[in-house]
Amino acid sequence: MKKRALITGVTGQDGSYLAELLLAKGYEVHGLIRRASTFNTARIDHLYVDPHDPDAKLFLHYGDLSDGARLVTLLASINPDEVYNLAAQSHVRVSFDEPEHTADTTGTGTVRLLEAVRLSGIETRFYQASSSELYGATPPPQNEETRFYPRSPYAAAKLYSYWITKNYREAYDMFAVNGILFNHESPRRGETFVTRKITRAVAAIKAGRQEFVYMGNLDAVRDWGYAAEYVEGMWRMLQADVPDDYVLATGTGITVREFIEISFGHAGLNWEDHVRFDERYLRPTEVDALIGDPSKAREKLGWTPTIDGRQLAKIMVDADITALEHAGDPWIDTVHLDSWGTK
Ligand code: NAP
Ligand code: F7E
């Protein structure tokens, strides 16, 4: 029997890789998309087949995590075997500017979706996109037992989502799990997250289109992994015999400065000639260091990442240089699932 999945946030970085993975596994995939005045489906356009085509396996539905009634009717009509809640206002710095909106989508949105599962009466497995930001001020290494100490409106909203997911598991015997994912990146990463901001700047500087890039705190340490590998971990969590929460991380941390050095160096540039400081990129409260311990996922799910931040910097620089050379092509992705570890 073909399985059916619903992905919220299907137009995002992770949603696009997860849709690819599930389609490759033979799933029928449904994605929630937001109505916008311009198209917002660039990351999944290569997967889309006209729904009139009998081979169509990806179906998109308008909806929003702020609209609970819509979520109930959608879930009842799709009746998915698996629900992946990836939708969120996911930018930490932006969450300080829009705390209430962030609480509504990144926090309350999760309980709307869980309630929609419960009220529609369907039997489904539920994945919640939790985050290493939950650990915030607690020093590394961080694992499933580490104390949470959120340091932003984003992290506080994700903390609510973490606990409400656990509560629905215990209260209603739902197969509902939290994937506590450390930063994961790719050539599809949103352009304002630090890695992609850096690698796009490197490509533009290399091409002579830009001279400087303005950055905030270069001392922050992050455990950067590769998004295509992390969606495999999400899927594995929903295939387990019992619902549980897992950390996904590489176990290796580097500073923003080192990511910059590697990225510029890979393109034959000296970063100190091009990187300038702008305090607007600082956060009112910063998360100094996140380095995850993925032992539990390795032992119980057999999940092992192969690409760390140093390799990612080079993969992303190459992809952005190629994208710029082919400017006009909306989406150039040099890294696919079948080439893990080869770049
Ligand atoms: P992303 O690229 O920012 O994608 C977010 C997705 O959520 C987009 O599809 C966006 O739609 C959608 N969305 C935002 N608000 C929505 C709303 N109110 N209703 C419906 N959809 C909405 O994020 P990502 O990097 O793929 O991350 C996926 C999830 O994992 C997020 O929940 C994020 O917080 C979490 N997470 C990410 C990381 C990481 O390092 N990437 C680590 C830990 C946890 P539009 O395309 O229309 O904007
Ligand atoms: O910042 C520093 C910044 O915005 C990383 C989200 O996916 O991962 C992500 O959150 C670090 C921070 O990601 C700039 O201060 C310096 O210390 O790429 P980021 P994030 O805040 O770690 C977690 C796990 C999530 O769950 C989130 O959804 O880089 N930094 N200068 C900068 N950051 C940005 N964005 N821009 C700068 O110019």
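Predicted model: local features only at pLDDT ≥ 70, side-chain atom pairs only at ≥ 80, totals over all residues.
First, the shell itself. There are 24 residues around ligand 1. Thr11, Arg34, Asp64, Ser90 and Tyr154 come nearest. Sort the shell by class, and you get eight nonpolar, eleven polar and five charged residues.

Now the contacts. Look at Arg34. An N or O atom in the side chain of Arg34 sits 2.8 Å from an oxygen atom of ligand 1. Next, Ser90. Here a side-chain N or O atom is 2.7 Å from an oxygen atom of the ligand. Then Lys158. One of the polar side-chain atoms of Lys158 is 2.8 Å from an oxygen atom of ligand 1. How much of ligand 1 does the protein bury? Taken alone, the ligand exposes 900 Å², and the protein buries 89% of that.

Back to E5. Why is this strand described as largely enclosed by the rest of the structure? Six of its seven residues are buried, so the rest of the structure largely encloses E5. For a residue, buried means under 20% relative accessible area.

Which strands does E5 pair with? One is E4, residues 82–85. E4 and E5 run parallel, and four bridges join them. Find Val83: its bridge partner in E5 is Phe126. Another is E6, residues 175–181. E5 and E6 also pair in the parallel sense, over seven bridges. Here Tyr127 stands opposite Val177 in E6. How does the chain get from E5 to E6? It crosses through H5. That makes a β-α-β crossover, and it is right-handed.

One last stop: Thr250. Where is Thr250 found? It is in the loop between strand E11, residues 246–248, and strand E12, residues 254–255. Is Thr250 buried or exposed? Its relative accessible area is 19%. The cut-off for buried is under 20%, so Thr250 counts as buried. The side chain of Thr250 also has a partner. It makes a polar contact with the side chain of Asp223, at 2.6 Å.

Technical notes:
Residues numbered from 1 in each chain as written. Chains lettered and ligands numbered in written order. Heavy atoms only, no water. Near = heavy atom within 4 Å. Polar contact = N/O pair within 3.5 Å; in protein donor to acceptor, adjacent residues only side chain to side chain. Areas by Shrake-Rupley, 256 points an atom, 1.4 Å probe, with all protein chains shown as cover. Nonpolar A, V, L, I, M, F, W, Y, C, P; charged D, E, K, R; others polar. Buried < 20%, exposed > 50% of the residue type's maximum accessible area, 1.4 Å probe, protein only. Helix = DSSP H or I, 4+ residues; strand = E, 2+ residues; numbered from the N terminus. Pairing = 2+ DSSP bridges. Right-handed = clockwise from strand over helix to strand, strands pointing away.
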